[in-house]
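How do the chains of this assembly meet, how is one of them folded, and where does its nonpolar interior lie? The report below takes up these topics in turn.

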Amino acid sequence: MVEVSDQKTPKLSKSMSMTATPATRVLATVSAGASLVLLLLALIVSPADVVQGDAVRMLYIHVPSIWVAYGSFGLTACTSGLFILRYKRRTDRGRHYDRLAGAAAEVGVVFTGITLFSGMLWGKVTWGSYWQWDARLTTTVLLFVTYLGYLALRRLPADPGVRAKRAAIMALVSFVNVPIVHFSVDWWRTLHQKASLSIGRRPEITGDMYWTLMYSALTFTFVATWLMIHRYRVIRLEEMRDEEMLQQQLRERRSENSL
Amino acid sequence: MTNIGTIVVGYSVTIFSVGFYAAWIVRRGVLIGKEIGIGSQTSPTDETD
Amino acid sequence: MFHDAFLVARKDLIIERRAHVVLGQVSPLGLLILVVFGFAFDANVELLRLGSAGLFWVAVLFTGLLLVQRTFDVETEDGNLDALRLSGFVPQSIFLGKVIGLIVQLFLLEFALIIGLFVLFDVTVVDWLLFLSATVLGTFAFSVCGALFGALASGIRLRSTLLPLLLIPVLAPVLLAGTRAHEVAFGLSSAPGWNWTGLLLVITAVYTSLGLVAFGPLLEDG
């Protein structure tokens with residue numbers, strides 16, 4: 001028995017089900033190419049630092065990662081706000097804001113993880129320890145956990161509309177919370193520090209290193225955008241699948257009742 | 001940990017993580033696409049991702 | 001709005017008075033946590049005294065989470081907010097009512113914990129005004145954050161594991177500020193304790209506003 005597809009379900013061509021389109025293929029190629037050039041620049045062309053030596057190369061990953069993460073979480077906050085304003089339950093309009101919020105948050109979490117990991121490695125070499133209780137690091141950990149929680153909230157079994165709205169509220173509240181956390185921890189550690197204030201401070205970056213850093217930021221942005229677009233589409237597919245499962249169950253129930 | 005060693009580990013893990021995530025997304029898209037593409041007579045698969 | 005809030009709070013407190021959960025279960029649990037800290041620190045009296053402010057707030061955190069959970073679980077068996085929604089109360093009243101109910105229960109809990117602190121950790125209070133202010137404002141901050149996130153996580157399965165994960169990052173500044181203020185009040189540090197107390201006030205204000213705004217959409221469709 002062949003089902004007539006629901007009007008909302010778009011025609012599924014092979015490329016659609018694999019979430020790729022000509023545009024994203026171009027983006028993928030650009031990202032891949034840019035990444036290779038980045039590796040060249042970061043690992044070979046750019047100079048080692050006078051003080052830190054080759055450890056400075058870690059920053060070409062560490063700094064752009066957190067920039068991408070901040071951008072992603074900012075996007076999550078904006079789209080969450082738009083969702084709350086624009087979502088209409090009856091017509092399911094505005095769902096795309098929710099999807100983008102989720103995709104952006106997940107990408108943000110991945111890059112926050114990369115930030116923490118690369119930062120810890122860098123810290124081990126430069127400070128001698130994996131961890132410092134300064135504002136940036138502590139806030140970043142809490143940021144990571146906050147959005148892990150957000151992603152967990154998004155996965156809860158609940159009515160999609162309810163879940164989406166709660167996730168949106170949480171995203172907005174979290175966005176307010178992060179500066180508060182940063183301020184609190186910063187104040188705490190500033191009060192605590194008696195001696196060297198250079199702990200946790202990154203060096204001034206100039207010349208070739210600066211441009212490598214900027215280029216890295218660009219590359220990371222390409223990659224993150226590609227990831228976000230595809231993640232968004234997969235979320236869309238997941239919703240379609242869930243909707244279809246629901247229809248299936250309703251049909252079964254109806255046919256049971258009619259027996 | 002040596003400087004060079006740190007860089008090797010750091011870059012490798014980063015590249016692997018991003019690559020793995022990208023592959024996961026694409027694979028998930030393909031799998032779910034197949035699920036829907038097949039249509040409604042199949043019972044919902046118990047796919048854990 | 002405030003009258004309705006008091007009605008909501010009164011309802012919760014009457015339920016509590018009959019069930020005796022705070023006095024009978026959660027406070028003893030809090031004291032137990034303090035004892036366990038004794039085990040954890042190998043009964044090192046000096047260490048326990050130095051860390052007493054932090055340990056107090058950690059105990060408040062974990063028992064307070066249970067209270068937050070409960071304040072929404074009492075609505076119906078699966079904690080959904082239908083009854084509240086149909087009550088005709090404005091969402092803001094419900095929010096404030098939940099906050100007030102939580103504050104009262106937390107005060108009861110903290111009273112027991114503070115006695116435990118004096119007895120088990122050999123704490124002395126140097127600045128009573130600071131101590132009480134920080135405790136009160138910290139409780140206010142805890143309650144508003146708890147009410148907001150408790151509602152966010154209510155009525156859905158897996159909420160008991162989700163709520164702590166969502167709430168603790170939000171409570172981090174509260175715990176930080178509360179601990180620093182108490183340390184000063186116990187004479188253990190010379191930081192600006194009143195500034196930390198001020199931060200607790202700011203956090204309370206910010207999250208009260210957020211809660212008042214968010215409860216409308218939260219309660220809308222369920």
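Predicted model: local features only at pLDDT ≥ 70, side-chain atom pairs only at ≥ 80, totals over all residues.

## Which chains touch

Two pairs of chains are in contact, and of these the pair formed by chains A and B shares the most contacts. Chain B and chain C, by contrast, are joined by no contact, and their closest C-alpha atoms lie 18 Å apart.

## The contact between chains A and B

Chain B contributes 29 residues to its contact with chain A, while chain A contributes 32 residues. On the side of chain B that touches chain A, the residues divide by class into 15 nonpolar, 11 polar and three charged.

## The contact between chains A and C

Where chain A meets chain C, 26 residues come from chain A and 25 residues from chain C. On the side of chain A that touches chain C, α5 (135-154) and α6 (160-192) of chain A each supply at least two residues, and α6(A) gives the most, with 15 residues. This side of chain A is made up of 18 nonpolar, five polar and three charged residues.

## The fold of chain C

Chain C has eight helices and zero strands, so that its elements, read from the N terminus on, follow the order α-α-α-α-α-α-α-α. Its radius of gyration is 17 Å, close to the 17 Å that the globule rule gives for 222 residues, and chain C is therefore as compact as a globular protein of that length.

The C-alpha trace of chain C spans about 55 × 35 × 30 Å along its principal axes, and 51% of the 222 residues of chain C count as buried. Among the contacts in chain C with a separation of 6 or more, 83% are accounted for by residues 24 or more positions apart.

## The largest nonpolar core

The largest nonpolar core holds 139 residues, of which A141(C), C145(C) and L148(C) touch the most other members. The element that gives the most to this core is helix α4 (residues 95-126) of chain A, with 14 residues.

Which residues is C145(C) in contact with, once its neighbours within four places in sequence are left aside? They are L167(C), V170(C), L171(C), V174(C) and Y207(C).

Conventions
Residues numbered from 1 in each chain as written. Chains lettered and ligands numbered in written order. Contact = placed C-beta atoms within 7 Å. Helix = DSSP H or I, 4+ residues; strand = E, 2+ residues; numbered from the N terminus. Nonpolar A, V, L, I, M, F, W, Y, C, P; charged D, E, K, R; others polar. Rg over C-alpha atoms; globule rule 2.2 N^0.38 Å. Buried ≥ 20, exposed ≤ 12 C-beta atoms within 10 Å, placed from the backbone. Core = buried A, V, L, I, M, F, W, Y, C linked by C-beta atoms within 7 Å.
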